[in-house]
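Here is a short briefing to read beside the model. Keep the sequence and the 3D view open as you go.

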Amino acid sequence: MRAVLMAGGSGTRLRPLTCDLPKPMVPILNRPIAEHIINLLKRHNITEIVATLHYLPDSMRDYFQDGSDFGVQITYAVEEDQPLGTAGCVKNIAELLDDTFLVISGDSITDFDLQAAIDFHRSKKSKATLILTRVPNPIEFGVVITDEEGRINRFLEKPSTSEIFSDTVNTGTYILEPEVLEYLPVNQECDFSKELFPLLLEKGEPMYGYVAQGYWCDVGHLEAYREAQYDILAGKVEADFAYKKDESSDLWIGQNTFIDPSAEIEAPAIIGDNCRIGARVHIEAGTVIGDNVTIGADANLKRPVVWNGAIIGEEAQLSACVISRGTRVDRRARVLEGAVVGSLSTVGEEAQISPSVRVWPSKKIESGAILNINLIWGNTAQRNLFGQRGVQGLANIDITPEFAVKLGAAFGSTLKPGSQVTVSRDQRNISRMVTRSLIAGLMSVGVNIQNLDAAAIPIARTVIPMIDVAGGIHVRVHPHRPDYILIEFMDAKGINIPKSKEKKIEGAYFKEDMRRSQIHEIGNVSYPSQVIDRYCNAFENLLHVDTLRNSRSKVVIDYVYAVSGAVLPQMLNKFGADAVVLNASLNTTAISGDEREALLTQLGHVVEALKANFGVQVSANGEQLILVDESGMPIRGEMLTALMVDMVFTANPRGSVVVPVHASSAVEQIARRHDGKVIRTKANPTALMEATQKNPNVVLGGSGDTGFIFPDLHPGFDAMYCIAKLVEMLTIQERSLVSVRAELPRLMHKNYTIRCPWTAKGALMRYLVETHPAQNLELIDGVKICQPYEDNWVLVLPDASEPIVHLYVNGNDREWADEALREYRARVQEFVEKEEEQVTTEV
């Protein structure tokens with residue numbers, strides 16, 4: 001059998017280790033990762049190997065040559081012009097693959113029993129067999145679900161947190177029959193997981209998943225790179241060492257290496273050939289030292305990975321870091337946890353490289369310097385910039401001016417030079433500071449700014465399509481965390497950008513792959529005129545103005561001291577409605593949740609006293625609202641969702657509404673009354689925005705928690721337009737909020753939050769999928785278990801940003817809902833406790 005070794009990866013997340021090496025050539029225990037894979041293949045009698053190369057191909061060819069020195073025969077296939085993807089490069093060598101063949105990644109460490117997987121493939125008469133494994137946190141991998149026979153029935157490539165429905169993942173190792181390559185186009189970029197496997201599934205070709213036992217580590221990031229070496233030293237994986245083991249201890253020491261008798265070395269550790277270890281050096285267990293390394297007297301090494309040719313000075317301290325080829329760390333210098341120093345660099349005397357800082361190759365850190373930021377590229381402070389919604393973090397701690405400048409430059413670098421973007425913000429001082437920094441970054445890469453200044457976010461979303469810009473940025477205090485800043489990026493339609501665009505910005509940010517414009521190319525800042533007028537005109541064109549003028553409605557609006565107070569009172573007064581405004585002055589400091597609740601109570605009293613039609617508290621910079629009916633009672637959450645759906649369906653029978661997956665089934669009951677349609681989406685705001693634009697005949701989107709979208713106006717949530725629309729609908733329908741609420745379906749809808757470690761989320765989702773009939777499951781977002789009775793369901797939804805899961809129960813019967821909540825709460829908690837006990841036992 002032949003094997004295809006996928007060795008073309010550039011390994012951007014491993015930089016600076018991969019600045020001058022392809023990822024498969026990065027050393028693990030002083031041997032390239034690819035050599036460990038070749039040894040694995042050889043142990044299973046697979047000695048004919050075709051290596052596909054792209055990034056720095058000469059590095060691998062020069063090392064392995066024809067493979068004879070390693071007991072195998074290697075043929076090379078180089079993608080010269082552009083990468084063809086995992087499947088495209090294999091299609092390119094189809095003439096070499098005339099029998100069953102194995103595809104294996106050249107950037108992972110594993111000791112899987114490949115022969116057992118091959119036997120499984122043949123016994124099932126499979127066309128494609130994916131070797132699978134189970135991992136604690138599957139978010140970085142392709143998730144796969146198989147039936148009891150191992151046949152694949154569903155998979156998802158690199159899911160978001162809430163999409164995880166299993167912890168069984170694709171390892172990038174496949175056993176394939178040559179005929180599957182006939183499904184692939186010639187000389188075209190395509191991927192096994194994204195294109196070929198879904199197509200095989202669609203065509204009904206026999207495709208199986210083999211869940212392998214043993215060790216597997218995708219060496220995808222620097223932490224995994226270190227952990228893989230620690231695991232091999234600890235005996236967790238079968239691997240071949242380049243040196244002989246000392247019989248009296250777990251030490252592997254190369255030839256011609258001198259160790260001073262006073263040096264203290266804890267096992268397990270590995271020290272290469274031709275090394276010199278000085279007096280009183282202390283080397284902790286887990287340390288990896290390459291060939292030709294010199295370590296000066298009194299140096300202290302706490303589990304670093306030191307590559308060939310490095311020189312470590314006297315009294316230097318290295319802690320769980322990586323020191324690349326030929327680097328010099330001078331006397332008393334300190335390189336701390338998670339730091340990486342690129343090849344041929346110099347760390348001066350008594351200099352310090354702080355935790356997780358990366359230094360690119362051939363750099364010099366001056367004596368005594370303390371390096372707290374990366375030199376020159378990359379940043380590892382955060383695994384991802386973007387969360388469930390935009391970029392967020394602690395104000396002036398995570399989201400600082402210097403961070404915002406770099407983020408603005410990263411975003412601008414994904415756009416064409418000379419592009420225009422809008423920038424807007426709330427009225428807070430912190431938002432003004434962050435916005436100005438973003439503008440500086442955008443200008444530095446040649447992007448022009450249309451500065452909307454302090455503006456409610458619905459105004460920004462309305463204006464963006466009108467002024468021909470490439471997108472926009474909005475900065476505000478987080479709606480639910482007053483100590484957090486939220487930065488949202490919008491496309492040319494005013495919709496939050498998709499994941500693919502977020503990844504491009506992250507790539508530019510972490511690699512510092514950003515333009516530097518010449519002086520005459522620097523962007524400019526302009527202030528578009530009539531921004532509010534544009535919004536008001538669009539607003540007015542969609543309302544029955546005569547109805548509003550005749551309504552004589554009295555509405556009490558609490559703006560909670562936010563910038564959204566600038567527009568709506570003028571509009572309502574223009575239409576003849578009586579708008580009583582509370583707390584409309586601007587406050588540059590954030591309002592706490594308790595303060596907001598006190599203002600809501602105050603609003604109820606004012607509505608009652610003035611005998612107003614209703615009251616409303618506007619929040620989230622004009623996006624969200626809480627209603628107060630004429631009796632002073634608040635309407636929020638699921639009640640608000642149902643009320644808005646009922647009123648809009650009454651005004652637009654046979655229309656469609658878009659709601660998040662966890663919304664109460666009251667919306668379906670209301671839809672049935674009006675022959676309407678309900679479309680459910682993932683729980684994140686971007687999914688709601690996209691669905692309201694993509695689906696025909698949508699008249700409303702959103703929920704009481706996110707706010708409401710009226711897609712005819714703009715694609716985002718808009719509390720201000722919602723208030724005017726409410727006045728219109730209540731007048732035309734001759735109803736009051738109290739009467740509408742009385743007519744709403746009576747359903748039990750309960751939720752509960754359960755702590756769940758990140759590492760247990762995937763396993764929990766797999767457990768739920770495997771323990772319920774497939775016909776009862778919906779996997780829009782999380783795992784929804786539907787009961788035989790209409791509108792009865794349980795939803796387990798992993799949180800995208802915290803180590804918790806949300807449990808939602810919906811039913812027609814209170815007893816059933818209470819019992820279901822108790823049952824699933826106990827099941828989830830019991831499962832999580834077992835997972836934690838297992839992890840503790842393994843540790």
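**Briefing: contacts, packing and backbone**

Setting aside neighbours within four places in sequence, Asn810 is in contact with Ser664, Ser665, Leu747, Met748, His749, Asp791, Asn792, Trp793 and Trp816. The model is predicted. The protein chain has a mean pLDDT of 88, and 95% of its residues reach 70 or more. In residues 377-383, however, the pLDDT is below 50. That stretch still has 24 contacts in the model beyond near neighbours in sequence.

**Two residues and their surroundings**

- Asn810 sits in strand S54, residues 804-811.
- Asn810 has 0% relative accessibility, so it counts as buried.
- Lys750 is 60 residues from Asn810 along the chain, and their C-alpha atoms are 6.6 Å apart.
- Leu415 belongs to the loop between helix H7 (401-413) and strand S36 (420-425).
- Leu415 is also buried, because its relative accessible area of 16% falls under the 20% cut-off.
- Beyond neighbours within four places in sequence, Leu415 touches Val421, Ala470 and Arg515.
- Leu415 and Leu438 are 23 residues apart along the chain, with 15 Å between their C-alpha atoms.

**Helix H15 against H18**

- Two packed helices are described by the angle between their axes and the distance between the axes.
- For H15 (residues 637-651) and H18 (residues 719-733), the axes come within 10 Å and cross at roughly 55°.
- H15 and H18 are therefore oblique to each other.
- Their crossing is left-handed.
- On the H15 side, the contact is made by Leu643, Met644, Met647, Val648, Thr650 and Ala651.
- H18 contributes Cys722, Leu726, Met729, Leu730 and Gln733.
- By class, the H15 contact with H18 has 9 nonpolar, 2 polar and no charged residues.

**Helix H15 against H16**

- H16 covers residues 666-673, and its axis comes within 9 Å of the H15 axis.
- The crossing angle of H15 and H16 is roughly 15°, so these helices are roughly parallel to each other.
- H15 and H16 cross in a right-handed sense.
- Thr641, Ala642, Val645, Asp646 and Phe649 of H15 meet Ala666, Val667, Ile670, Ala671 and Arg673 of H16.
- This contact of H15 with H16 has 7 nonpolar, 1 polar and 2 charged residues.

**Helix H17 under cover**

- H17 (residues 685-694) is mostly covered, with 7 of its 10 residues buried.
- The buried residues in H17 are Pro685, Thr686, Ala687, Leu688, Met689, Ala691 and Thr692.
- Their cover includes helix H9 (457-463) and strands S46 (656-660), S47 (677-681), S48 (698-703) and S49 (707-709).

**Backbone points to check**

- Arg15 and Pro16 are joined by a cis peptide bond, with omega about 15°.
- Pro16 is in the loop between strand S1 (2-6) and strand S2 (27-28).
- Ala267 to Pro268 is a cis peptide bond, with omega near 0°.
- Pro268 lies in the loop between strand S16 (264-265) and strand S17 (269-271).
- Arg303 is not a glycine, yet it has a positive phi of about 60°.
- The loop between strand S22 (300-302) and strand S23 (305-306) holds Arg303.
- With a relative accessible area of 33%, Arg303 is partly exposed.
- Ser356, not a glycine either, has a positive phi of about 65°.
- Ser356 is in the loop between strand S31 (352-353) and strand S32 (358-359).
- The relative accessible area of Ser356 is 31%, so Ser356 is partly exposed.

Methods: Residues are numbered from 1 along each chain as its sequence is written. This is a predicted model: local features need pLDDT of at least 70, side-chain atom pairs count only at pLDDT 80 or more; totals for chains, interfaces and linings use all residues. Side-chain values use heavy atoms; hydrogens and water are left out. pLDDT is the predictor's confidence in each residue, from 0 to 100. Contact means heavy atoms within 4.5 Å. Axes are lines fitted to C-alpha atoms, for helices over the stretch in contact, and angles run from 0 to 180 degrees between N-to-C directions. Helices (H or I, at least four residues) and strands (E, at least two) are DSSP runs, numbered from the N terminus. Angles under 35 degrees count as roughly parallel, over 145 as roughly antiparallel, 65 to 115 as roughly perpendicular and the rest as oblique. A crossing is left-handed if the near helix is turned anticlockwise from the far one by less than a right angle, and right-handed if clockwise. Ala, Val, Leu, Ile, Met, Phe, Trp, Tyr, Cys and Pro count as nonpolar, Asp, Glu, Lys and Arg as charged, and the others, Gly among them, as polar. Buried means under 20% relative accessible area, exposed over 50%, partly exposed in between (1.4 Å probe, protein chains only).
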